[in-house]
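Here is a short briefing on one protein model and its ligand. Keep the structure open while you read.

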Amino acid sequence: MKKLSMEELVAFCNQYGFIFQGSEIYGGLANTWDYGPLGTRLKNNIKDAWRYYFIQNRDNSFEIDADILMNPTVWEASGHISSFSDPLLDCKECKTRHRADNLINDFDSTANADAMTQDEMLTFIQDKKIPCPKCGKSNYTDIRQFNLMFATQRGVTQSSANTIYLRPENAQGEYVNYLNVLRTMRTKLPFSIGQIGKAFRNEITPGNFTFRTIEFEQMEYQTFCKKGNDEELYDFFKVYGIKFFNFLGLPEEHLRYHDHEKLAHYAKAACDIDYLFPFGWGEINGTHNRTDFDLTRHQEFSGKSMEYFDAVTGEKYIPYIIESTYGLDRIFLAVMFESFVEEELEKGDTRQVLKLNPMLAPIKVNVLPLMKNKHGEKAMEVYQMLRKHFMVSYDEAGNIGKRYRRGDAIGTPFAVTIDENTINQDVVTLRDRDTMKQINLPISELVEYIKKEINDCISSKSEK
Ligand code: GAP
């Protein structure tokens, strides 16, 4: 069974309408990508799976949709204005800009640049004479910190007083709404606020397709709790993350924990879940024990009390936050790599199949008249009936084998063929994508059968 390389996946996504280059007709814009019709559906289905797992199936769990643009004081309080930066340096020979930590880690995978200070990184690069990946020489400027936030102006005059930022993470929208959710949902600790939305970072390093982009989507989840419950919840969300990825179809052997040695100033503990991409292990989730840092800072900068009143004990305190954050575009990429296989069939034939969990498949059923002229009208009736319940496609062009193959390649779990039996007896042939086995079913049972197959797949994989 063959798996895809990164280049092959980019071509595959383009060929079938999953992902296109951003602004393609103008030559593109580096590190931007547009999701096509099938990609948008798959992405929405991953969002729905996250909602099911995190919002629907957990107690005291609420989703919000905060604005991308926020009062700039939010970013002072969060520390992003002062310290959300990458250490950059330029090659003096070819003028290419690099991240110092990436230069080091790519040169020596045991070096661990994350644990080095800025001065230590520069000394390491100079001592080892690390060559520029573009021109091969080793002649660099000093390291400078480069803020990753995209700034923009509101209003008509350009002045620093009008500078606002495109959010670099969703989390702050959840923190500034903590009191609103607490009050309106009449909830108590521990409770969680989740949000799916865009984030923007002025990343300068190349992206590995959608792995590192300047505009991306996060599914962030913040659990507010009492100090003392934080460690247990942190451990819980590390495990829950792996379960969620298994639910999506990512197996244990392609996932690993990566505990952080060097912690952000606010964090008590931090751990990523990495997926094994063709280019190596890459972070798709992060779980962080953020202590009471965020709410304390927002209390300080807004002047509004962030204290929680515990009606049982009579205590007042600022809650701790356990954050579990998921990168949607990276998960999409992992799901595509994991699902794609090229299988050998009989007589040297091969087929490409996207073995997506049916709940994630962009299209659930492909309706096919065996012969367009004879069976087209009846097939259209079945298609009209099915699309009230599922995302369905209708394909009458080309021979039936080719039409099956196209459905397999885009991950459609069921194909329904309309033939003489359907005209005479209202019976269709239903083909399973993975086994390629076919069964006959009366039209009247079709909807319930497919619903059950999809639901069984969700419940058998959703371990609570
Ligand atoms: N609120 C915490 C936070 O934003 P992060 O580790 O910086 O934490 C969370 O980002 C997740 O967002 C990452 O695990 C990753 O999956 C995704 N992510 C971060 N930067 C990204 C980028 N430039 N392109 C695509 N996804 C990105």
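The model is predicted.

**Ligand surroundings**
- Glutamate 220 places a side-chain N or O atom 2.7 Å from a nitrogen atom of the ligand.
- Glutamine 218 has a polar side-chain atom 3.0 Å from an oxygen atom of the ligand.
- Arginine 330 also takes part: a polar atom of its side chain lies 3.3 Å from a ligand nitrogen atom.

**Helices α2 and α11**
- Helix α2 spans residues 37–56, and helix α11 spans residues 328–339. Their axes come within 10 Å and cross at roughly 110°.
- On the α2 side, the contact uses Gly39, Leu42, Lys43, Ile46 and Lys47. On the α11 side, it uses Leu328, Asp329, Ile331, Phe332, Val335 and Met336.
- By type, the residues of this contact are 7 nonpolar, 1 polar and 3 charged.

**Helix α13**
- Helix α13 covers residues 400–409. Buried residues in α13 are Arg403, Tyr404, Gly407, Asp408 and Ala409.
- Among the elements covering these buried residues are helix α1 and the strands β18, β19, β21, β22 and β23.
- Asparagine 399 caps the N-terminal end of α13. Its side-chain oxygen lies 2.9 Å from the backbone nitrogen of glycine 401.
- Just after α13, glycine 411 has a positive phi of about 85°.

Technical notes: Residues numbered from 1 in each chain as written. Predicted model: local features only at pLDDT ≥ 70, side-chain atom pairs only at ≥ 80, totals over all residues. Heavy atoms only, no water. Axes fitted to C-alpha atoms, helices over the stretch in contact; angles between N-to-C directions. Helix = DSSP H or I, 4+ residues; strand = E, 2+ residues; numbered from the N terminus. Contact = heavy atoms within 4.5 Å. Nonpolar A, V, L, I, M, F, W, Y, C, P; charged D, E, K, R; others polar. Buried < 20%, exposed > 50% of the residue type's maximum accessible area, 1.4 Å probe, protein only. Polar contact = N/O pair within 3.5 Å; in protein donor to acceptor, adjacent residues only side chain to side chain.
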